[in-house]
Every structure is written in structure tokens, then in C-alpha cells.
Amino acid sequence: MYSTFRQFSRNCSNIIKNVNRLAHNEAKKADLEKRRAQMMAKGLPKLKPIPNVKDIILVSSGKGGVGKSTTAVNLAAAMKVEFPEKNVGLLDADVFGPSVPLMMNLDDTPILNDKNLMEPLVNYGVKCMSMGFLMSENAALIWRGLMVMQALERLMRQVEWGPTDYLIVDTPPGTGDTHLTLLQNLPITGAILVTTPQSASIQVTRRGGVMFEKMKIPIIGIVENMSSIKCPACRSNIQLFGNGVDDLAEEFETQILQHIPLEKEINSSSDKGVPIIIGKPNCNEAIVYKKLAQQVKEFVENKPK
Ligand SMILES: Nc1ncnc2c1ncn2[C@@H]1O[C@H](COP(=O)(O)OP(=O)(O)O)[C@@H](O)[C@H]1O
Ligand SMILES: [Mg+2]
């Protein structure tokens with residue numbers, strides 16, 4: 001009887017010891033996590049606004065060739081057409097494949113002002129900056145990591161943007177160094193995801209969306225590009241691919257801002273350096289970009305303070 005009691009009391013004391021040890025371990029773990037978070041926060045660059053720039057809008061997608069640059073260029077030009085009193089900037093953050101020089105028909109080299117800052121080049125009333133203005137076509141091909149970040153730093157900070165209401169940022173494909181540098185350095189008002197309706201594009205765009213969610217960047221919405229073509233005979237819209245973009249919008253609790261058709265003229269006008277919104281401001285496609293500009297303005301006006 002006595003030995004049973006001793007065994008019981010030993011077991012109880014072991015249980016208490018284990019519970020105490022567990023509680024101690026948990027407290028230690030929580031303390032470690034807290035210190036880790038503090039260290040990480042210290043290591044990250046602080047968000048620093050660009051002087052005089054009010055709202056920064058990213059145009060992004062996981063995939064290349066889906067129409068990010070076309071959307072960014074037409075959106076920037078449409079913002080200026082729709083709201084001429086506003087100052088609009090366009091930053092081409094695609095260091096490896098800048099598109100803004102071609103699409104905005106700009107090929108000068110920016111001049112340095114007396115503050116040693118570069119003056120953006122201007123066309124269609126939009127102030128533009130791109131790595132393409134600063135170096136020959138293939139010079140950045142073998143850059144990586146630090147060099148890309150230094151180039152971006154130059155494009156972000158060593159430019160005299162002047163008073164700018166909307167700075168539209170065209171980004172490269174993927175979720176790599178460029179995105180992290182932009183997201184960790186700049187206070188971004190919101191991001192637009194551009195995707196085509198095929199699963200391969202949607203899948204990669206989803207990763208872009210997850211990155212924005214993780215970095216707490218609001219997603220303004222999705223642009224479904226090349227979503228349909230017009231039948232040459234009857235001019236009705238033919239949907240080429242499925243409705244996967246609807247699911248993507250639902251997943252991120254956001255909206256499809258616009259469906260932009262696959263239209264020869266969108267491509268040929270970009271290639272000529274006259275965005276369709278400038279060359280044919282009243283055609284259906286231009287109207288879609290104008291609506292997109294309205295939506296972005298509304299988003300900015302209603303952004304959480
Ligand atoms: N809606 C569209 N209709 C026709 N061509 C388009 C459309 N959107 C983009 N393009 C063309 O597709 C190509 C890739 O577009 P781009 O904007 O450079 O893509 P990204 O910046 O995503 O790599 C370009 O030649 C562009 O003119
Ligand atoms: Mg591009």
C-alpha cells in the first residue's frame with residue numbers, strides 16, 4: 001500500500017516537473033521568436049517615400065509577356081489624358097528588359113540637374129525613367145543581386161520626379177530581387193496584377209499575389225489581358241480560354257478591373273511608341289484603359305489612411 005502511494009506521488013511529481021519544463025520551454029521559444037522578429041525588423045530597410053511623390057502603383061505579374069508593360073504604359077498615359085491636372089510618372093523597374101523607351105518613344109539620355117539628380121524624360125505629359133535611358137541594350141544582362149538593387153536605387157532615388165500624384169511602376173516578371181527591393185523600400189499604395197486567362201499565367205500570377213499579401217501591399221485588382229479576340233466577320237467577342245481569372249480574383253478577395261482583348265492595334269501602337277490611348281483615344285480598347293485609370297484614381301482616393 002505504502003509503495004503504491006510512493007509510486008503515485010513520484011508520478012505526480014514527475015508530471016508537475018514535465019508541465020513546468022514545457023511551460024519554461026514555451027516561454028523560451030516565445031522569447032526567441034520575439035528577439036528574432038526584432039532582429040529581422042532591424043535588418044530590413046525602412047520604407048522611405050520618394051520626395052514629392054504621392055501614390056505609387058505597381059503593375060505586376062508573375063509571368064513575362066502577359067502585358068505588364070503595355071498595361072503600365074497605357075495606364076500612365078490614360079491617367080494623364082483623363083486627369084490632365086494631375087502629375088503622372090512612369091518608372092520602368094525592369095532592369096533586364098526595359099520597355100518604356102520603345103513604348104513611350106523616348107531614347108534620350110536624362111540630364112543631371114544642379115542637385116545631381118536625373119531629370120525624367122517626358123512624353124505624352126508623362127514623366128518617365130528607365131534603365132533603358134542609361135545604358136546600352138544588353139549591358140545589364142549578366143547583372144545579379146546587388147547590382148540590380150543598386151540600379152533600382154538609382155532609378156528610385158536619384159531622379160528629380162518633382163510633384164507627382166501617381167507614379168506607375170512597371171515591374172519585371174517574377175517575384176525576385178526587384179520586387180523585394182521595391183516592396184521593402186517604397187511605400188506602395190497598391191498593386192495591379194496582370195494576367196492572361198491561361199492556367200500557366202494564372203498560376204504564376206497567384207505567386208505574385210501571395211507575395212503582395214505577405215508584404216501587406218493592397219491588391220487593387222486584376223487586369224485580364226488578351227482575354228478575348230474579336231471575330232473578324234461578325235465582330236463578336238470570342239473567349240479563347242477559361243474563366244480561371246474569376247477564381248483568382250475570388251481567392252484574393254479582389255475584383256477583375258478590366259478585360260482587355262487581344263487586339264492587333266494595341267500591339268502595333270506600342271511598337272510604334274504611341275500607346276493606343278494616345279493614338280486612338282476613342283476606340284474601345286482606349287476606353288478600357290480610361291476606365292482602368294478611373295478605378296486607380298478611385299482606389300487612391302479611398303485608400304485606408
Ligand atoms: N491586349 C493586347 N493585344 C495585343 N497585343 C498585346 C496586348 N497586350 C500586350 N500585347 C503585346 O504582347 C507583347 C508582350 O507585352 P508586354 O507588355 O511587353 O508584356 P510584359 O511586360 O508582361 O512582358 C508585346 O509585344 C505587346 O505589344
Ligand atoms: Mg515588361
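## Basis of the model

The model is predicted: local features need pLDDT of at least 70, side-chain atom pairs count only at pLDDT 80 or more, and totals for chains, interfaces and linings use all residues. Residues are numbered from 1 along each chain as its sequence is written, while chains are lettered from A and ligands numbered from 1 in the order in which they are written.

## Domains

The protein is divided into domain 1 (1–41) and domain 2 (53–301). These bounds come from an automatic or database domain assignment. The C-alpha centres of domain 1 and domain 2 lie 54 Å apart.

Helices (H or I, at least four residues) and strands (E, at least two) are DSSP runs, numbered from the N terminus. A residue is called buried if 20 or more other C-beta atoms lie within 10 Å of its own, exposed if 12 or fewer, and partly exposed in between, with C-beta atoms placed from the backbone. Strand β2 covers residues 88–92, and five of the five are buried, so β2 is largely enclosed by the rest of the structure. On one side of β2 are Val88, Leu90 and Asp92, on the other Gly89 and Leu91, and all are buried.

Two strands pair if DSSP finds at least two bridges between them. β2 runs parallel to strand β4 (residues 126–130), and five bridges join the two. In this pairing Val88 has Val126 of β4 as its bridge partner. β2 also pairs in the parallel sense with strand β5 (residues 164–170), again over five bridges. Here Asp92 stands opposite Asp170 in β5.

Which strand does β6 join through four bridges? That strand is β1 (residues 53–60), and the two run parallel. Ile57 stands opposite Gly190 in β6. Five of the six residues of β6 are buried, so β6 is largely enclosed by the rest of the structure.

In β7, seven of the seven residues are buried, so this strand too is largely enclosed by the rest of the structure. Strand β6 (residues 190–195) and β7 pair in the parallel sense over five bridges. Ala191 stands opposite Ile219 in β7, and Leu193 stands opposite Ile222 in β7. Between β6 and β7 the chain passes through helix α6 (residues 199–214), and this β-α-β crossover is right-handed. Right-handed has this meaning: with the strands pointing away from the viewer, the path from the first strand over the helix to the second runs clockwise. β7 also pairs in the parallel sense with strand β10 (residues 256–260), over four bridges. Val223 stands opposite Gln258 in β10.

## Ligand 1 and helix α2

There are 16 residues around ligand 1, and of these Gly67, Lys68, Ser69, Thr70 and Asn267 come nearest. The elements that give two or more residues to this shell are α2 (68–82) and α8 (264–272). A residue is near the ligand if its C-beta atom, placed from the backbone, lies within 6 Å of it. The shell divides into five nonpolar, nine polar and two charged residues. In this count Ala, Val, Leu, Ile, Met, Phe, Trp, Tyr, Cys and Pro are nonpolar, Asp, Glu, Lys and Arg are charged, and the others, Gly among them, are polar.

Helix α2 is mostly covered, with 14 of its 15 residues buried. At 1.5 Å a residue, the 15 residues of α2 should span 21 Å, and its end C-alpha atoms are 20 Å apart, which agrees. The expected span is 1.5 Å times one less than the number of residues in the helix.

## Single residues

Two residues have a positive phi without being glycine. Asn116 has a phi of about 65°, and Met226 has a phi near 55°. Asn116 is found in the loop between α3 (100–103) and β3 (121–123), whereas Met226 lies in the loop between β7 (219–225) and β8 (228–230). Is each of them buried or exposed? Asn116 is exposed, because 8 other C-beta atoms lie within 10 Å. Met226 counts as buried, because it has 24 C-beta neighbours inside 10 Å.

Lys303 lies in the segment after α10 (284–301). Lys303 counts as exposed, because it has 12 C-beta neighbours inside 10 Å. Lys303 and Thr178 are 125 residues apart along the chain, and their C-alpha atoms are separated by 25 Å.
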